Amino acid sequence: MKTLNSSPIFLPISIGNIKLKNRLVVAPMVTVYCDQDGMATERFIAYHEVKAKGGWGMIIVEDYAVDPLGRGFWTPGLWKDEQIQSHLQLTERIHKAGAKIIAQIYHSGRQTTSLVIGEQPVSASPLPDPILGQIPHELTISEIKKIVSKFGNTALRAKKAGFDGIEVHGGHGYLIAQFMSKYSNKRCDEYGGSLENRIKFPLEIVKDIREKCGADFMIGFRISGDDKVPGGRTIEETKAIAIQLEKHGVDLLHISAGTYESVWAIIPPLNINPGWIVDYAEEVKKVVNIPVMTVGRINDPFLAESILLSGKADLVAMGRASLADPDLPNKFAQGQSDDIRHCIGCQQGCLEILFKNEPIRCLVNPVLGFEYLNEFKKTDNPKKITVVGGGPAGLEAARTAALAGHRVTLYEKTDHLGGQFAVAAIPPSKGDLSAIVSWLAHQVKKLGVNVIFDTEYTSEICTRENPDLVIVATGSVHCTPKITGIDRENVVTATEVLLGKVSTKDKVVIAGGGQVGCETAVYLASLGKQVTIVEMLPTLASDEELTRRIFLMKAIKDSDIECFTETKIKGIDVECVQCETCNKPIEITAETVVLALGMQPVNTLAKELDGKVPIKVIGDAVEARDALEAIREGFLAACRA
């Protein structure tokens with residue numbers, strides 16, 4: 001019988017002159033953990049060190065800028081010698097923890113703005129990035145040569161800083177990709193036109209790195225297999241480029257997808273199937289002899305194992321999976337796969353925050369980005385702790401408190417755990433959200449938390465049990481504003497619909513076009529209902545994360561859902577909804593009206609217990625928000641118990 005340690009995941013592999021202990025790689029992800037001058041901070045080092053201790057074979061550290069004017073975020077930098085020492089501390093600690101580490105080096109080109117770099121961006125051609133909109137300066141031949149040299153100099157600094165190699169970032173629409181793709185390169189000189197001309201820039205970079213760093217220094221190259229934009233590069237051109245990269249001395253090819261215009265492909269949300277671009281790596285493997293690495297929403301070691309067994313790739317990069325659980329390799333090797341905390345593709349902490357140029361976080365892993373603070377400690381003074389509410393915040397509080405050594409009881413007034421997340425997982429393409437609930441439920445059971453269902457916690461129960469601390473995580477409920485007819489029998493809430501507690505008739509009006517309303521509309525349309533959305537704001541789903549919103553809006557369009565924006569509901573009748581839009585009254589036929597007009601906290605228990613027992617109020621019970629904040633608050637409440 002095959003043991004886990006005989007899995008292809010744990011077979012060593014050589015890349016150039018370095019040997020990895022296994023095939024699992026931490027993909028490069030922008031963190032904004034360095035300081036504004038690109039120096040490695042303790043926060044940055046500790047974040048990577050935890051992954052190295054977690055058993056990953058290699059860590060690729062993100063976007064080391066070759067020039068401060070080539071940064072799209074406050075990324076790390078090795079554009080000057082003064083930065084070497086801080087990053088040497090990083091590599092020393094990673095090596096001590098047992099992993100290899102390489103630096104991804106890049107220039108953002110047009111995928112930045114003057115707000116970040118203080119100057120006009122540059123690119124192959126003076127075409128603005130469709131997302132950021134700023135017209136870049138078209139690089140001259142002499143300027144191109146200078147940037148080539150900067151890549152080589154940065155690689156040499158990486159070598160001096162102790163990195164085992166570098167990865168040239170030629171993907172995701174950054175400067176090198178801008179030269180390689182007809183989508184962004186409209187030049188008519190030696191760097192434009194034919195494929196041979198368009199790949200001259202990256203080949204010159206590889207040559208310069210090799211000359212400066214030596215034949216034994218590992219060079220990887222990341223490339224988008226498909227730009228996923230009109231007129232962009234597809235897999236066939238990528239294969240042709242891969243052949244030339246190998247001939248010019250590249251040791252590893254890392255096959256991704258997308259540009260900023262197709263950012264959903266760079267960082268695929270839960271709407272995208274796991275392992276969705278593995279076939280790109282397989283295609284590249286057919287034409288090269290060097291190792292090929294795949295990436296792209298691979299969040300489970302069993303999936304990684306299948307990819308390796310199928311021969312589609314030699315290594316598997318798991319970026320956001322490593323955010324969710326930095327110990328994933330060790331847990332899998334030890335037969336503890338049920339303890340692995342999976343990425344759910346929510347994008348709330350790792351992408352939505354990132355585009356504000358703020359340090360990333362993780363919804364399912366409340367420690368991410370805070371590793372350097374050492375917030376969790378085992379208690380020397382076990383307490384009797386009651387957690388009220390079995391949503392994500394309450395479950396995380398119960399888990400952390402029990403893990404710390406406290407005696408924990410959790411009360412849930414319904415017959416199931418999950419709170420709003422149990423509801424949020426129901427609409428199409430959102431099933432991954434249930435993974436965090438099932439993981440937390442498994443952990444609290446494993447840790448011996450006493451879970452009591454179908455019981456509403458009261459002041460009387462509190463008096464009888466006399467806990468040392470009550471953590472109130474009672475969540476939120478739907479807002480019911482003062483609208484004429486809102487109490488009619490044909491008016492229900494989105495939660496009731498999604499949980500299957502009520503049925504709707506065929507013609508449905510969704511009152512509220514935020515994320516919840518739009519997702520409920522798509523769900524009902526999938527059941528054959530005729531659905532109309534009414535929203536007061538100018539846009540629908542304005543509270544939804546960027547990449548997920550792209551798919552949600554497409555689903556609304558494909559489902560033929562009628563939408564009224566800048567429209568206010570004035571009253572609800574038996575067969576219609578009275579609305580006002582542009583100061584004109586309209587009536588919309590509605591046999592059922594579904595309320596999705598926002599959420600409001602349930603905090604009556606906190607008021608009842610105030611002054612009687614020590615309490616901490618967390619999550620939506622404080623204010624209706626997303627689970628990113630709620631789970632973090634649950635963790636901290638238990639740590640500070």
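**Rings, cysteines and a helix in a predicted model**

The charged end of Lys200 sits over the ring of Tyr191, 5.0 Å from its centre. The model discussed here is a predicted one.

Biologist: Which residue lies over the face of Phe370, and at what distance from the ring centre?

Modeller: A charge counts as sitting over a ring when NZ of Lys or CZ of Arg is within 6 Å of the ring centre and within 35 degrees of the ring normal. For Phe370, the residue over the face is Arg43, at 5.4 Å from the ring centre.

Biologist: How many aromatic pairs does the structure hold, and is the pair of Phe302 and Phe332 stacked or edge-to-face?

Modeller: The structure holds 13 aromatic pairs. In the pair of Phe302 and Phe332 the ring centres are 5.0 Å apart and the planes stand at 90 degrees. Planes over 60 degrees apart count as edge-to-face, and therefore this pair is edge-to-face.

Biologist: Which helices does that pair link, and how far apart in the chain are the two residues?

Modeller: Phe302 belongs to helix H11, residues 301-309, and Phe332 to helix H13, residues 328-333. The pair thus links distant parts of the chain, with a separation of 30 residues.

Biologist: Is Phe332 buried or exposed, and what is the state of Phe302?

Modeller: Buried means under 20% relative accessible area, exposed means over 50%, and partly exposed lies in between. Phe332, at 1% relative accessibility, counts as buried. Phe302 has a relative accessibility of 44%, so this residue counts as partly exposed.

Biologist: How are the rings of Tyr411 and Tyr457 arranged, and where in the chain do they lie?

Modeller: Their centres are 4.9 Å apart and their planes are at 55 degrees, so the pair is tilted. Tyr411 is in strand S14 (residues 407-411), whereas Tyr457 is in the loop between strand S15 (450-452) and helix H18 (459-465), and the two are 46 residues apart. With relative accessibility of 4% for Tyr411 and a relative accessible area of 5% for Tyr457, each of these residues is buried.

Biologist: Which residues does Ser7 touch, beyond those up to four places away in sequence?

Modeller: Ser7 is found in the segment before strand S1 (13-15), and its relative accessibility of 0% makes it count as buried. When residues up to four places away in sequence are not counted, Ser7 touches Glu305 and Phe332.

Biologist: Which cysteine sulfur is nearest to that of Cys518, and how far away is it?

Modeller: A search of the whole structure finds zero disulfides, and a disulfide would need two cysteine sulfur atoms within 2.5 Å. Cys518 is buried, with a relative accessible area of 0%, while Cys188 counts as exposed at 82% relative accessibility. Cys518 is in no disulfide, and the nearest cysteine sulfur, 6.7 Å away, is that of Cys563.

Biologist: Why is helix H20 described as largely enclosed by the rest of the structure?

Modeller: Helix H20, residues 515-526, reaches 17 Å from its first C-alpha to its last, close to the 16 Å expected. Its buried residues, among them Cys518, Val522 and Tyr523, pack against helix H19 (494-498), strand S19 (507-511), strand S20 (530-534), helix H21 (546-558) and strand S25 (592-595). The helix is largely enclosed because the buried residues of H20 number 10 of the 12.

Biologist: Which residue just after H20 takes a positive phi, and of about what value?

Modeller: The backbone just after H20 can be read at one glycine. That residue is Gly528, whose positive phi is about 90 degrees.

How values were computed: Residues numbered from 1 in each chain as written. Predicted model: local features only at pLDDT ≥ 70, side-chain atom pairs only at ≥ 80, totals over all residues. Heavy atoms only, no water. Phe/Tyr/Trp six-rings, centres within 6.5 Å; stacked < 30°, edge-to-face > 60°. Helix = DSSP H or I, 4+ residues; strand = E, 2+ residues; numbered from the N terminus. Buried < 20%, exposed > 50% of the residue type's maximum accessible area, 1.4 Å probe, protein only. Contact = heavy atoms within 4.5 Å. Expected span 1.5 Å × (residues − 1).
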